[in-house]
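Please look over the sequence and the structure shown below, and then follow this report through its helices, strands, core and charged pairs.

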Amino acid sequence: MYVGTLSFDLLLGDVHSLKEKRSVVRPIVAELQRKYAVSAAEVDHMDLHRRVVIGLAVVSGDTAHVTDVLDRCERLVAGRPEVELLSVRRRLHGDDD
């Protein structure tokens with residue numbers, strides 16, 4: 001069994017409140033979950049309206065599948081025009097860990 005995780009540190013564009021932040025973050029999280037069957041959530045900077053960290057995880061029996069899903073998720077988030085991708089942290093955990 002292999003578990004892959006990503007965490008995206010994002011800077012949001014023209015956002016002036018936590019309510020506006022939610023209206024940007026929720027569709028990104030929902031699209032990741034719907035398109036790629038990953039577990040995803042806002043995991044940090046809950047009290048800041050222009051910063052967000054989105055974390056996601058995927059489980060598979062094949063490392064190639066985990067890597068492919070993580071690559072696709074990263075491209076999706078990086079391609080969103082309403083956010084600036086500041087950093088991505090990727091981890092792959094296997095049975096030997």
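## Helix H1

In this predicted model, helix H1 is made of 19 residues and spans 27 Å from its first C-alpha to its last, which is close to the 27 Å expected at 1.5 Å a residue. The helix covers residues 18-36, and H1 is followed by Ala37, a residue with a positive phi near 50 degrees.

Several residues of H1 are buried, namely Lys21, Val24, Val25, Ile28, Val29, Glu31 and Leu32. The cover over the buried residues of H1 includes the strands E1, E2, E3 and E4 together with helix H2.

## Strand E3 and its partners

Strand E3, which runs over residues 51-60, has seven of its ten residues buried, and it is therefore largely enclosed by the rest of the structure. Strand E1 (residues 2-12) runs antiparallel to E3 and is joined to it by ten bridges; among these pairings, Tyr2 has Ser60 as its bridge partner in E3.

Strand E2 (residues 39-44) also pairs with E3 in the antiparallel sense, here over five bridges, and Ala40 finds its bridge partner in Leu56 of E3. The hairpin formed by E2 and E3 has six residues between the strands, and in this hairpin His45 takes a positive phi near 60 degrees.

In soluble globular proteins, nonpolar side chains tend to be buried together. In this model the largest nonpolar core has 23 residues, and those with the most contacts inside it are Leu32, Val38, Ile54 and Leu56. The elements E1, H1, E3 and H2 each give two or more residues to this core, and the largest share, six residues, comes from H2.

Ile54 shows how separate parts of the chain meet at one residue: once its neighbours within four places in sequence are left aside, Ile54 is in contact with Leu6, Ser7, Phe8, Leu10, Val25, Ile28, Val29, Leu32, Ala41, Glu42 and Val43. Of these contacts, Val25, Ile28, Val29 and Leu32 are also among the buried residues of H1.

## Salt bridges

How many salt bridges does a search of the whole structure find? The search finds eight, and one of them brings together the side chains of Lys35 and Glu31, at 3.3 Å from N to O. Lys35 and Glu31 are four residues apart in helix H1, so about one helical turn separates them.

Another salt bridge is formed by Arg80 and Glu82, whose closest N and O atoms are 2.8 Å apart. Arg80 is buried, with a relative accessible area of 18%, while Glu82, at 28% relative accessibility, counts as partly exposed. Through salt bridges that share partners, Glu31, Lys35, Arg80 and Glu82 are joined into one network.

Definitions and conventions: Residues are numbered from 1 along each chain as its sequence is written. This is a predicted model: local features need pLDDT of at least 70, side-chain atom pairs count only at pLDDT 80 or more; totals for chains, interfaces and linings use all residues. Side-chain values use heavy atoms; hydrogens and water are left out. Buried means under 20% relative accessible area, exposed over 50%, partly exposed in between (1.4 Å probe, protein chains only). Two strands pair if DSSP finds at least two bridges between them. A salt bridge is a side-chain nitrogen of Lys or Arg within 4 Å of a carboxyl oxygen of Asp or Glu. The expected span of a helix is 1.5 Å times one less than its number of residues. Contact means heavy atoms within 4.5 Å. A nonpolar core is a set of buried Ala, Val, Leu, Ile, Met, Phe, Trp, Tyr and Cys residues joined through side-chain atoms within 4.5 Å.
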